[in-house]
Amino acid sequence: MRLSRYFLPVLKENPSEAQIVSHRLMLRAGMIKQASAGIYSWLPLGFKVLRKLENIVHEEQARAGHIAIQMPIIQSADLWRESGRYDDYGQEMLRMKDRHERDMLFTPTAEELVTDIFRGHVSSYKDLPLTLYQIQWKFRDEIRPRFGVMRGREFYMKDGYNFDLTKEDALHAYNRHLVSYLRTYERMGLQAIPMRADSGPIGGDDTHEFLVLADTGESEVFYDSAVTDLTFGDRQIDYDDRAQCQAILEEFTSKYARTDETHDEALFNQVPEDRRRVARGIEVGQIFYFGTKYSEAMGATVQGPDGKPTPVHMGSHGIGVSRLIGAIIEASHDDKGIIWPEGVTPFHCGIVNLKQGDDEADAACEQLYKALTALGLDPLYDDRKERAGGKFATMDLIGLPWRITVGPRGLKNGVVELTSRRTGESEELSPEAAVTKIAEIYERIA
């Protein structure tokens, strides 16, 4: 993409309504525009990152053996009355009537709807286990939406639902989701710590939230600092191996890590004093096991091995895809702007032409652009007739991990400048070597 043809409405000044870094930088970088309180239009740069995150979630869900579906955004209230949960959400649920005076609602979550799908099509234990998921817009009518996409009313979310014959099977699905989420977040450049949490209106006793540590987090968290030393890395996982998945759950949840709702001071005091930490965290996902809460209420049964109808055991699992963008920015920025991890950057690198209109500089930039594109990379070429300082400021603000700077002086020596956004370090390379290095960087994280 050439910046002269791109829609990137950056702002020079900090918006007065933005209270936290991610909201401020998303507005300044032209990623979003507020449509109404807690509701945003996603502009090209923001939409591009949103799709990157969505693709990672899809890939890791497929790796774990989960199956994508798409359910409607508008649901019938009758299903929620059937489960007994229609009033649990209170005023957060946006209710409406259609032209036939039927009670409808805008989806805040979809346990009832997916249970209705299951009970209509699955009748035998031989069809289990089954996990269905979707990535879809949701709506919760927050009384005080704030912090941009971190606490909006409309949000993009992955929600998945497992159906299993026994509690043991369902707890394996729980473990499988925990493992797949650890992989997902690390691919996004995040350390998301699983913490014992409260289930809220979803229900059930087994639940973990995944939290990214940040000063602007909405939750107070208590944890053993040893949990921050854990990484998933590039392990090869057999998601059907119950012992392997259970071992990973124990590795990542055995040390103390809890949100304020489930904090136990006595247990926390058993952690060595030098490792006790109290901080704030941003919730980016949650997994639940809630047994037969919905299947019994809604008649979701299968014929068991003994021929008798058996209510299935269920769990649900969510990732806040749009919220993740705010979390990544909160965790990865400086006073100049965003610093995207390579795994989620909207463009792989930026090309800055210091002297647009100079034949040699223009030709070198065009060649870099074509060479990177030919390797399947997606560069953003700043071909505007702007001052160099303005071009650098834009690149720093939007946070591309790598920048190739091209100017007549360097070209006389056969070099361009390759700069890391994260460290600020630069090196002079031939144009061909710069392309090779960028390609190698992204090949390692593919």
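**Charge patch, cavity and pocket in a predicted model**

Author: In this predicted model, Asp198, Glu220, Asp260 and Glu261 form a negative surface patch.

Reader: Where is Glu261 placed?

Author: Glu261 lies in the loop between strand 12 (257-259) and helix 7 (265-268).

Reader: How many cavities of 30 Å³ or more does the structure hold, and why are they called cavities rather than pockets?

Author: There are three cavities of 30 Å³ or more. They are called cavities because a 1.4 Å probe fits in them but cannot get out, whereas a pocket is an open set. The largest cavity has a volume of about 90 Å³.

Reader: Which residues line the largest cavity?

Author: The lining includes Leu182, Tyr185, Glu186, Ile193, Pro194 and Phe252. Two or more lining residues come from each of helix 5 (167-187) and strand 9 (193-196), and helix 5 has the largest share, three residues.

Reader: What is the volume of the second largest pocket, and what makes a residue part of its lining?

Author: The volume of this pocket is about 480 Å³. A lining residue has an atom within 4 Å of a point. There are 17 such residues, and Arg187, Gly343, Tyr442, Ile445 and Ala446 are the closest to the centre of the pocket.

Reader: Which helix gives the most to the lining of the second largest pocket?

Author: Helix 2 does, with five residues. Helix 2 (44-63), helix 5 and helix 13 (431-445) each supply at least two.

Terms used. Residues are numbered from 1 along each chain as its sequence is written. This is a predicted model: local features need pLDDT of at least 70, side-chain atom pairs count only at pLDDT 80 or more; totals for chains, interfaces and linings use all residues. Side-chain values use heavy atoms; hydrogens and water are left out. Patches are made of residues with over 30% relative accessible area and no salt bridge: like charges are joined within 9 Å, nonpolar side chains (Val, Leu, Ile, Met, Phe, Trp, Tyr) within 5 Å. Accessible areas come from the Shrake-Rupley method with a 1.4 Å probe; for residues, only the protein chains shown count as cover. A salt bridge is a side-chain nitrogen of Lys or Arg within 4 Å of a carboxyl oxygen of Asp or Glu. Lys and Arg count as positive and Asp and Glu as negative; His and the chain ends are not counted. The place of a charge is taken as NZ of Lys, CZ of Arg, CG of Asp or CD of Glu. Helices (H or I, at least four residues) and strands (E, at least two) are DSSP runs, numbered from the N terminus. On a 1 Å grid over the protein atoms alone, a cavity is a set of points where a 1.4 Å probe fits but cannot get out, and a pocket is an open set with protein on both sides within 12 Å along at least five of seven lines; lining residues have an atom within 4 Å of a point. Grid points are joined across faces, edges and corners, and a volume is the space filled by probe spheres set on the points.
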